[in-house]
Amino acid sequence: MSESILAFATSLAEQAGDLIVEKRISSSLTLSYKKDIELVTNADIAADDFIRQTIKEHHPNHQILSEESNPDMQSIEHIEAPLWIIDPIDGTVNYAHHHSQVAISIAYVVRGKVQVAVVYSPFQAEMFTAIRQQGAWLNDQPIRCSSESQLGKALVATGFPYDKHEKLPLLMSYLENILQHCADIRRLGSAALDICWVAMGRLDAYYETVSIWDCAAAQLIAQEAGAKYGHFLPVPKNVPEELHPENLLITAPALYEPIKKLLLEAHID
Ligand code: IPD
Ligand code: CA
Ligand code: CA
């Protein structure tokens, strides 16, 4: 079952990838803003529509939560049927600025746990996949996270929310402590790829607060590649841990506790 879901999800991601590459090459992009601050393009909407319609055709009884379909986030932990969590373009700002760090993220969830994950980077032709308890792959080759254990050598990724202004003191406090003790920081612009890059060792750690569609697929890929996944602040009791996208910390195993300590030291209530 998982293999056929993975084949279906991979094909969806490839087709959505072709769609967004084609839209950018043909210069038919239109830009607008959600809530005045969050960039969205006609390609985000088209890819979201394509993925949702295709899932509905093949799996009419499954539920779908996608970023561009105005999901009802109140009910996510009560969904019983298999659930697809979709980010049609993760890295929209990169996409609109003609950068290549852009992904399509597709997670297949059963009873609060991600079972199958696909994160596809179409401009880099990199397909990250995972099946729970079976492993993680990049273009069909098994991947492992880095074995870095020294904070001073750790390359750490993070990101900043669109509505960042009132959160800046906290975000800067985290950043300052990480920069004081780790090798360097990267802000690459796609949370899903940041996490996949931890999974395959291009990065040693990642922390951020995002939305569930940014991280649902990539966190399984990271866990299956041996990375440590968790949260540096407590997870609310009624939410499955894998569906809580706030205060994420995903690292090479030996770096988890030291980086958690840095973030907690820097935390401001
Ligand atoms: C964004 C990216 C970014 C992260 C933001 C997300 P979007 O997703 O993942 O890296 O820092 O918080 O909103 O808007 O491009 O789908
Ligand atoms: Ca996103
Ligand atoms: Ca998005």
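1. At 4% relative accessibility, tyrosine 207 counts as buried, where buried means under 20% relative accessible area, exposed over 50% and partly exposed in between, with a 1.4 Å probe and protein chains only. Tyrosine 174 also counts as buried, at 4% relative accessibility. This is a predicted model, in which local features need pLDDT of at least 70 and side-chain atom pairs count only at pLDDT 80 or more, while totals for chains, interfaces and linings use all residues. Residues are numbered from 1 along each chain as its sequence is written, chains are lettered from A and ligands numbered from 1 in the order in which they are written, and side-chain values use heavy atoms, with hydrogens and water left out.

2. The structure holds five aromatic pairs; rings of Phe, Tyr and Trp (its six-membered ring) pair if their centres lie within 6.5 Å, and planes under 30 degrees apart count as stacked, over 60 as edge-to-face and the rest as tilted. The ring centres of tyrosine 174 and tyrosine 207 are 6.2 Å apart and the planes stand at 80°, so this pair is edge-to-face. It links distant parts of the chain, since tyrosine 174 belongs to helix α4 (residues 168-181) and tyrosine 207 to strand β12 (residues 205-208), 33 residues apart. Helices (H or I, at least four residues) and strands (E, at least two) are DSSP runs, numbered from the N terminus. Ring pairs also link Phe8, Trp84 and Tyr108 into a cluster.

3. How many of the residues of helix α5 (residues 191-199) are buried? Nine of the nine are, so α5 is largely enclosed by the rest of the structure; among them are Leu193, Cys196 and Trp197. After α5 comes glycine 201, which has a positive phi near 90°. Arginine 202 lies over the face of tryptophan 197, at 4.8 Å from the ring centre, a charge being counted over a ring if NZ of Lys or CZ of Arg is within 6 Å of the ring centre and within 35 degrees of the ring normal.

4. Which residues coordinate the calcium ion (ligand 2)? Asp87, Asp90 and Asp214 do, each through OD, at 2.0 to 2.2 Å; donors are N, O and S atoms within 2.8 Å of the metal (3.2 Å for Na, K and Ca), and because water is not among the atoms, sites may look incomplete. Aspartate 87 bridges this ion and the calcium ion (ligand 3), the two lying 3.6 Å apart. Aspartate 87 is buried, with a relative accessible area of 0%, and aspartate 90 counts as buried at 5% relative accessibility.

5. Seven strands form an open sheet with mixed pairing, in the order β3-β4-β5-β6-β7-β8-β9; two strands pair if DSSP finds at least two bridges between them. The edge strands, β3 (63-66) and β9, each pair on one side only. Helix α1 (residues 2-25) packs on this sheet, touching β4 (83-90), β5 (103-110), β6 and β7, where contact means heavy atoms within 4.5 Å.

6. Strands β7 (residues 126-131) and β8 (residues 135-138) run antiparallel and are joined by four bridges. Three residues lie between the strands of this hairpin, where glutamine 133 takes a positive phi near 65°. Two bridges join β8 to β9 (residues 141-142), again antiparallel, and in that hairpin, with two residues between the strands, asparagine 139 takes a positive phi near 45°.

Conventions: Axes are lines fitted to C-alpha atoms, for helices over the stretch in contact, and angles run from 0 to 180 degrees between N-to-C directions.
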